[in-house]
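I am opening a notebook on this structure. The entries below record what I looked up, in the order I took it.

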Amino acid sequence: MDDFIAARSQMAMSLGFHIIFACVGMVMPFFMAISHFIYLKTGSSIYKGLTKAWSKGVAILFATGAVSGTMLSFELGLLWPTFMEHAGPIFGMPFSLEGTAFFVEAIALGFFLYGWNRLKPWFHWLTGLIVGLSGLASGILVVAANAWMNSPAGFDVIDGQYVNIDPIQAMFNDAWFLQALHMTLAAFVATGFAVAGIHALMILKRKNVVFHTVAFRISALCACIAALLQPISGDISAKDVAQRQPAKLAAMEAHFETEANAPFIIGGIPDEDAEVVRYAIRIPGVLSFLAHGDVDKPVTGLKDIPKENWPPVAIVHYAFQIMIALGVFLALLALIYVVALIWRKAWLGSGWLYRLFVIATPLGYIAVEAGWIVTEVGRQPWIIHGVMRTVDAVTPMPGIVYSFYLFTAVFVSLSAIVVFLLYRQMQMVGKLYDVTDPDYQPK
Amino acid sequence: MLYVVIIYLWASICLYLLLGGADFGAGIVELATPRKHRSRIGAIMAKAIGPIWEANHMWLIIAIVILFVGFPEIYTTMSIYVHIPLVAMLLGIIARGTAFVFRNYDAVEDRWQDVYSRVFTWSSMVTPFFLGIIAASTVSRTIDVQAADFVSAYIGSWLTWFGLAIGLFTTAICGYLAVAYAMGTVASERDKTLIIRIAKRFIFAVVCVGVLVFIAAAYSEIPLIDWIFGGTIGQVAIASATLSLALTFVAFNRKKAIAARILAGFQVVMILLAATYQHYPELVLFKDGGGLSLIEHTGNAKTITSLAWALLLGSLFILPFLFYLMRVFGKRSS
């Protein structure tokens, strides 16, 4: 492994790790706030227990997200100093605002976690809501910075110098809104299905059924609303990418020939050397329709893009396919759940519906990771699309490969411990959080 | 507007040293306490920092964002040449934050608690040590942008006796700040007596390591004495730091918790002032005599202006909320 690939791998791994915790930090506080709200309105102690149980999970996951986020703010410079030297002053605006949002989130979390019996009930509730709102703002701002890398704005390059810098224009680049929308919905889908799935599993195991049913309903409902909206956001995003980054769209679809009535390619194995896709299912016209809203419009193929500007086609294609397949599956599951809620109440108590949700537990996060790969690998070979190549941005320090091994070890062990801790939280629900349980004995 | 940004940079470094430092100190104090009292001290410290520890570390993020937006050359130069201690510090930050939370929130209390405690205390010690090394490397004239080989470019840039001494000094200061903070959060006489005993050890440690810093500076040929005693500000700052150290000792003895907190904090601010004032506006000094200055090596004017506004606006959200947090949880709990 050479140092450049090691640097890219380390960055990808750090972001791939952080994104999970960031999503939890954006979404779980809202679940908590809903449960807390119901508790304050009804006085039902089962909701109080649930709010506390969730807040413990949030504390663990938020801290992991906060430290991995801190690390990322350094890694940008440690791995990509040339990029940061030029990009920092341009796309720094969302980061400086994100600093505020993140700070507010940490303060509000301190209030919320330690505020039981110390703060007025509704002020306490409000601090929980602020955790969620500032988490959401953080996420949107960071995505705006990433969107700038896909859709650079707010500067000109003249003779290799970055001039006419306008940080506000850079922040509100063409891609920020759609990327932020897609990411926010994705966070709700992924976290919602993960939480709902875990509680569904407990319901199937007949453990603390009332408690877990309440938890399942809140998380599943949020997840399903987001999952039904996500395909719409995905469609708008695809049209946008087709305009701004045709190479990325072509790689997502492994689309080699520029043609009208372009087919939507499902599956298949792309061969970059031969410039063909083998064993794929093709649905004529659909790609043209998805990209431009018109089956007769041509979609730019990779053959019309210089090969040195191609992203790695196979990875982007596979990741895109995984994201789409999972998104469709989750949207269908959401549809079933909504039908059950409104017209088929009998389905709600049945095992098969819970089983489907258990299957869905990791799928949202897999889709998030796949989507992240699509947008990041799909931007290659550029670190700033059309302006700076990733290979020109990497640190001159040799030996990054060892740093990559070190960080891999850290992330693998951290992930294992977090899973272990959440498992232990689940095991202790009866004892610590569920008032109806005979063993209930809170600390 | 540039001066607004510079003030915010200095203030966030200072607040990180004070609040983040006290936070690291919680682990250091636990590690430095004899085994007999360790779990008691651990509990006191965890209670004192629990609600505020995450907010304390946000100052580091603010400082780093100011650097990479406003002073990208400084940020990238440090990232390249001080890469290794930065990575060590980051690993410390990760290990410490997660171990602290895992220890607090693990639903089952079993032998894993020992693992979390060990990771938490040791990483609390290691992280400020490397922070000190990084800070020392900026003024040691050891960063060599023309270096050709790995050792002089990436190791010689930070590995000096002076750096090691500053690392130890930072660690001692953090522990010292933590006891001063914790003093105000305990209620029982027994706990107070225990804290005072530990506080005296840390005051002793700060003095000893302080002397060591001057010796190491002389050995590494760093004109530390000239820097500090060469100007009025430095002289005044060091004189008041020394005076407040003595006063802190008295405050501890008389169990004046608030006074101990304020004096310890004031003392650390004075030390930071003395350490940074002489070089201002230069932040990084190079081996070849050059350096990076906060006035000359800035991002463009428009960026600085918007950064300043973002910081001012951010403070409106952060500061009242933060003061309230510290007021609610900084007091003695019943």
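**Entry 1: a loop residue in chain A**

Between which two strands of chain A does A:Glu275 lie? I found A:Glu275 in the loop between strand 4 (269-271) and strand 5 (276-278) of chain A. Strands here are DSSP runs of E with at least two residues, helices are runs of H or I with at least four, and both are numbered from the N terminus. I noted that A:Glu275 is not a glycine, although its phi is positive, about 60°. A:Glu275 counts as partly exposed because it has 15 C-beta neighbours inside 10 Å. For that term I wrote down the cut-offs: a residue is buried with 20 or more other C-beta atoms within 10 Å of its own, exposed with 12 or fewer, and partly exposed in between, with C-beta atoms placed from the backbone.

**Entry 2: what kind of model this is**

This is a predicted model, in which local features need pLDDT of at least 70 and side-chain atom pairs count only at pLDDT 80 or more, while totals for chains, interfaces and linings use all residues. Residues are numbered from 1 along each chain as its sequence is written, and chains are lettered from A and ligands numbered from 1 in the order in which they are written. I looked up the scores of the model and found ipTM 0.88 and pTM 0.91. For chain B the mean pLDDT (the predictor's confidence in each residue, from 0 to 100) is 86, and 99% of its residues reach 70 or more.

**Entry 3: a loop residue in chain B**

I then turned to B:Arg141, which has a positive phi of about 55° and is not a glycine. B:Arg141 sits in the loop between helix 7 and helix 8 (150-155) of chain B. With 19 C-beta neighbours inside 10 Å, B:Arg141 counts as partly exposed.

**Entry 4: cis peptide bonds**

Which residue does a cis peptide bond join to A:Pro381? I found A:Gln380 there, with omega at about 5°. A:Pro381 belongs to the loop between helix 13 (363-377) and strand 7 (382-384) of chain A. B:Pro281 is in the loop between helix 13 (257-277) and strand 1 (282-285) of chain B.

**Entry 5: two helices of chain A**

Helix 1 (residues 3-42) and helix 2 (residues 45-79) of chain A pack at about 155°, and their axes are 7 Å apart. Helix 1 of chain A is therefore roughly antiparallel to helix 2 of chain A. Axes are lines fitted to C-alpha atoms, for helices over the stretch in contact, and angles run from 0 to 180 degrees between N-to-C directions. Angles under 35 degrees count as roughly parallel, over 145 as roughly antiparallel, 65 to 115 as roughly perpendicular and the rest as oblique. The contact of helix 1 with helix 2 of chain A has 22 nonpolar, 13 polar and two charged residues. In these classes Ala, Val, Leu, Ile, Met, Phe, Trp, Tyr, Cys and Pro are nonpolar, Asp, Glu, Lys and Arg are charged, and the others, Gly among them, are polar.

**Entry 6: two residues of helix 2**

I picked A:Tyr47 in helix 2 of chain A. A:Tyr47 counts as buried, because it has 22 C-beta neighbours inside 10 Å. Apart from neighbours within four places in sequence, A:Tyr47 is in contact (C-beta atoms, placed from the backbone, within 7 Å) with A:Ser35, A:Ile38, A:Tyr39 and A:Val214. A:Lys52 is also in helix 2 of chain A, and A:Lys52 counts as partly exposed with 18 C-beta neighbours inside 10 Å. I checked A:Lys52 against A:Gln441: they are 389 residues apart along the chain, and their C-alpha atoms are separated by 14 Å.

**Entry 7: two helices of chain B**

The axes of helix 7 (residues 112-139) and helix 9 (residues 161-183) of chain B come within 7 Å and cross at roughly 135°. Helix 7 of chain B is therefore oblique to helix 9 of chain B. The residues of this contact divide into 14 nonpolar, six polar and no charged.

**Entry 8: where the chains meet**

How many residues does the contact take from each chain? I found 53 residues from chain A and 53 residues from chain B. Helix 3 of chain A gives the largest share of the side of chain A that touches chain B, 22 residues. That side divides into 35 nonpolar, 13 polar and five charged residues.

Methods: Contact = placed C-beta atoms within 7 Å.
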